[in-house]
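Subject: Structure for you to look at

Hello,

Here is the structure, with notes on what turned up in it. Please open it beside this email as you read.

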Amino acid sequence: MVIEPRTRGFICLTAHPKGCEQNVINQINYIQSKGTIEGPKKVLVIGASTGFGLASRITAAFGSNAATIGVFLEKPANRGKTASAGWYNSAAFEKQAQAAGLYAKSINGDAFSKEIKQQTLDLIKADLGQVDLVVYSLASPVRTHPETGVKHRSSLKPIGQSFADKTVDFHTGVVSEVAIEPANEDDIANTVAVMGGEDWEMWMDALQKENLLASGATAVAYSYIGPKLTEPVYRKGTIGRAKDHLEATAFTIADKLKAIDGKAYVSVNKALVTQASSAIPVIPLYISLLYKIMKAENIHEGCIEQMHRLFKDRLYNNKTATDAQGRIRVDDWEMREDVQAQVAELWTKVTTETLPALGDLKGYADDFFNLFGFRIEGVNYEEDLNEVVEIPGLQSVIPSN
Ligand code: NAI
């Protein structure tokens with residue numbers, strides 16, 4: 001079929017297999033152009049199919065020749081209906097990895113469940129013996145708790161008071177006011193249950209209990225801080241509480257990993273267009289302005305550049321630098337004082353009329369469509385192609401509900 005983007009709000013309902021493949025190849029080329037990283041050798045990536053998780057998997061595999069197991073929740077194609085972007089990304093990644101002689105297998109299913117954890121442990125046991133890096137990069141709106149069966153839904157709300165500020169519809173460029181009512185205690189608890197550190201700790205406990213972590217193994221999960229202007233909806237909102245919990249969990253895990261001389265970190269990454277971040281009000285407008293400034297300053301990065309810097313200059317440079325709260329920072333260029341001062345100034349001036357000149361809405365929209373394999377250079381979008389693509393090393397397919 002000929003595949004075109006079909007969007008509904010911040011979701012794209014279709015994905016392009018060739019575009020996703022090209023996206024993955026571009027990321028691999030970037031990593032290979034940067035030379036070898038003395039990095040991990042056997043890696044588990046939880047949330048490996050898109051965004052930072054996919055970039056981490058590519059960096060480990062093509063930067064330091066690592067064997068990788070990826071866990072994700074993606075939809076395969078049905079005739080006439082495309083697969084999700086993460087499915088095509090994973091198919092492309094595994095094809096490239098296997099062609100390069102690298103071990104790469106994947107598990108598609110709910111990472112929050114006991115079953116998928118067990119399948120992953122069994123696969124590590126059978127094929128790799130142990131892993132020396134665990135990347136935790138899940139972003140999900142829901143989590144069914146494996147012990148209680150309760151389905152928790154996360155929310156993106158301010159805490160303590162309502163919030164109103166500008167936001168943009170990146171399809172139309174219309175800047176409008178968004179107002180969000182404050183969260184109640186249940187909203188906070190549910191968001192922490194989904195995006196906090198409990199599941200990460202469960203994964204690490206299960207791996208450690210079965211002796212599947214190599215001596216000196218590293219665990220890393222991803223967080224975000226951002227500027228004052230997004231604080232009410234992000235860092236001081238429900239999602240921020242979840243990130244506080246995730247960051248505190250790094251210390252708990254680090255304590256447990258002392259037994260194997262291992263380490264656990266949270267890395268604070270830069271704001272980027274991913275499926276997860278496009279759902280957050282205010283953030284798309286902030287990112288449009290941020291991109292404009294960071295591109296002008298020549299310090300713009302995508303997920304792959306961020307993960308390359310994380311692996312090469314932070315995790316595997318023999319002396320991992322952290323901030324006063326023990327976090328790795330690769331959001332350092334985003335948070336530079338001069339960058340934030342310029343964004344704050346643009347924020348006061350930005351309207352529907354001024355956005356085309358002040359912001360990089362095109363960059364935002366292009367990145368959004370790129371996530372689904374559209375608007376990628378060199379891809380023939382007129383081509384009639386087969387939407388059904390297999391992931392070569394897929395171990396199990398559990399349909400999501
Ligand atoms: P993403 O939406 O691109 O990736 C999410 C991944 O989680 C995908 O591989 C998806 O298949 C997987 N996933 C979701 N639910 C699952 C489930 N139930 N079982 C198995 N896999 C599941 O998200 P992104 O943006 O890469 O986020 C990853 C982490 O990075 C999150 O913790 C996020 O908060 C953090 N982060 C994101 C930033 C951004 O601007 N996008 C900035 C800083 C941190």
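A network of salt bridges links Arg 235, Asp 244, Glu 247, Asp 323, Arg 327, Arg 329 and Asp 331. A salt bridge here is a side-chain nitrogen of Lys or Arg within 4 Å of a carboxyl oxygen of Asp or Glu. Buried means under 20% relative accessible area, exposed over 50%, and partly exposed in between (1.4 Å probe, protein chains only).

This is a predicted model: local features need pLDDT of at least 70, side-chain atom pairs count only at pLDDT 80 or more, and totals for chains, interfaces and linings use all residues. Residues are numbered from 1 along each chain as its sequence is written, and side-chain values use heavy atoms, with hydrogens and water left out.

The structure holds 30 salt bridges. One of them joins Asp 332 to Arg 309, with the closest N and O atoms 3.0 Å apart. This pair links distant parts of the chain, 23 residues apart: Arg 309 sits in helix H9 (residues 303-315), Asp 332 in the loop between strand S13 (328-329) and helix H10 (337-349). Helices (H or I, at least four residues) and strands (E, at least two) are DSSP runs, numbered from the N terminus. Arg 309 is buried at 8%, while Asp 332 is partly exposed at 27%. Arg 375 and Asp 366 also form a salt bridge, at 2.7 Å, N to O. Asp 366 is buried at 17%; Arg 375 is partly exposed at 46%.

Now the core. The largest nonpolar core has 93 residues, and Ile 58, Phe 62 and Tyr 286 have the most contacts inside it. Helix H8 (residues 283-296) gives the most to this core, nine residues. A second, separate core has 35 residues, including Val 71 and Val 266. A core is a set of buried Ala, Val, Leu, Ile, Met, Phe, Trp, Tyr and Cys residues joined through side-chain atoms within 4.5 Å. Tyr 286 touches Glu 334, Gln 340 and Trp 347, among others (contact: heavy atoms within 4.5 Å).

How many disulfides are there? Zero (a disulfide is a pair of cysteine sulfur atoms within 2.5 Å). Cys 20 is too far for a bond because its sulfur is 9.4 Å from the closest cysteine sulfur, in Cys 12. Cys 20 is buried, at 0%. The sulfur of Cys 303 is 14 Å from the closest one, in Cys 20, so that is too far as well.

Best wishes

Technical notes: Lists of a residue's contacts leave out its neighbours within four places in sequence.
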